[in-house]
Each structure stands twice: as C-alpha cells, then as structure tokens.
Amino acid sequence: MDFTLLDKDSDFKIEQYFSSIVAEFEALGIKIDIVKKVKKDFGSDITSAFLKNGTSIHTLKIQVHDLGNILNGVHSGKKLKIKFEVDVNPPLKFQTEAKTLLLPKTFNIITMTLPNLYAGKMHAVLCRKWKTRVKGRDWYDFEWYVKRNTSVNLEHLQERMYESGDLEKETKLDEKLFKKLMYKRIEELDVDGAIKEVSPFIKEKSGFEFWTKDYFKLLTDKIIFEKE
C-alpha cells in the first residue's frame, strides 16, 4: 500500500498511528505485528527497486487461527504480510480528491486524482531501474489507463522525473518529448520478460497475445494529456 504526504515533511513519523492500526485489527479478532524495514542507503534517491531513500517502509504481519472465517478465501493458519510505504518527501504539483468508501465499513479518504496516479505509473514505466528485470505490472497498468481514456498529468510526471534525476531541471516535459521517451523505452522493452513477470497475477491471459512493441507504441499514441 502506497501513501504520500500532501506536503514534504522529513520529520514525519508514521509510528504515531501504530496503536490505532493495531486496535482496528484487534476489533476484528486479528492480532498483528508491525515491523519497520530499515532500508540501506544506496547513495541515490531511487534504488534498484524504485524506492526513495526518504520512504518509510513498514510491514504488517498478520496471523490468526480462524482467519478464513474473517476473510473469505484465506485458509486458517495462513500468514499474511501487507507492506505499506509512506513518501515523506513527495514530488508536488498533484491534485487530490476526497472519497467516501463503504467497505469494510464507511470511511473517508483523500486520494490523488486518476491523472496524477497515472503520472506516477508512467514514471515507473519510464524510469524504473530494476537491473536486468522488467516489471510487467507497470505495462499492464499502463494499458489499463489508456483503455479507460484517463488523462495523464504531465506536470506531476515532470516533477517526479526531476526528483529521480531522469530529467534535467531546465527541460520541460511536453507531449512531444514524452512520446519520444516512451518510444525509446518501448524499443528497449523485453516484452516476453514483461509477460512472464505479470502472468502469475492475471487469470485471463488472452490479452497478452497483443503485447508487442508496436502495440505499446499504439497505446502511447492514444494517451490523453490533461490540459493545463
């Protein structure tokens, strides 16, 4: 689960919310442990796993004997881990919206709007440094946004690329440059590797027959850009 602050705050400590998180789970009869991951300093803002040095990483370790009675489809005795990350130094120029969700119980949440979530995903598509591997889930999500005619916020994507060092500060990211960068990224893409990585997460695999470099270029040509 990914979270971002609305403003930069290097002193933010998510530990202040731990007692509330534990209490919510205990109300459901679930015992949890919260473990903080101490991330090594790789000497840059973006590591090979695409995590920023300023990201706070924690893991919820969940185990309960009758978990299957609480969560459908989960057999008793199974251990679950939920990793959540908090960006305390987020790239700005994004918009948010308030939503009221009804399940598992009614609650309010503030989330980035889809054009900004889209921008975050395109930053992953363009800039993720996963050594020799490719994250097919990025390309699957890219396809999802295009098919739903979502517009992308280039201004927020630009801020993300400035921060990660993938775009010079004096360079403006416009539609022409974005497409140029996308075509270059697609030419370097290991399509078979992308399919192999994402396949275990997808039940219906027939759509992968369309996955080619030309197909991703077609998707790129169909991207809608949010107007300033």
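A salt bridge here is a side-chain nitrogen of Lys or Arg within 4 Å of a carboxyl oxygen of Asp or Glu. The model is predicted. By this rule the count comes to 12 salt bridges.

Start with E155 and K93. Their closest N and O atoms are 3.8 Å apart, and the cut-off is 4 Å, so the pair counts as a salt bridge. How accessible is E155? Its relative accessibility is 33%, so E155 counts as partly exposed. K93 has 41% relative accessibility and therefore also counts as partly exposed.

Now move to R128 and D138. Their side chains meet in a salt bridge, at 2.6 Å from N to O. R128 lies in the loop between α3 (114-127) and α4 (136-147), while D138 lies in helix α4, so the pair ties together parts that are 10 residues apart in sequence. Are these two residues buried or exposed? Both R128 and D138 are buried. Buried means under 20% relative accessible area. K121, R128, D138 and D141 are linked in a network of salt bridges.

Next comes K129. K129 forms a salt bridge with D166, and the closest N and O atoms are 3.0 Å apart. K129 lies in the loop between α3 and α4, and D166 lies in the loop between α5 and α6 (175-188), so this pair ties together parts that are 37 residues apart in sequence. K129 counts as partly exposed because its relative accessibility is 37%. D166 is partly exposed too, because its relative accessible area is 30%.

Finally, turn to the nonpolar surface. Which residues form a nonpolar patch there? They are L101, F107 and I109. Together they have about 210 Å² of accessible area. F107 lies in strand β6, which spans residues 107-112. Its relative accessibility is 31%, so F107 counts as partly exposed.

Technical notes: Residues are numbered from 1 along each chain as its sequence is written. This is a predicted model: local features need pLDDT of at least 70, side-chain atom pairs count only at pLDDT 80 or more; totals for chains, interfaces and linings use all residues. Side-chain values use heavy atoms; hydrogens and water are left out. Patches are made of residues with over 30% relative accessible area and no salt bridge: like charges are joined within 9 Å, nonpolar side chains (Val, Leu, Ile, Met, Phe, Trp, Tyr) within 5 Å. Accessible areas come from the Shrake-Rupley method with a 1.4 Å probe; for residues, only the protein chains shown count as cover. Helices (H or I, at least four residues) and strands (E, at least two) are DSSP runs, numbered from the N terminus. Buried means under 20% relative accessible area, exposed over 50%, partly exposed in between (1.4 Å probe, protein chains only).
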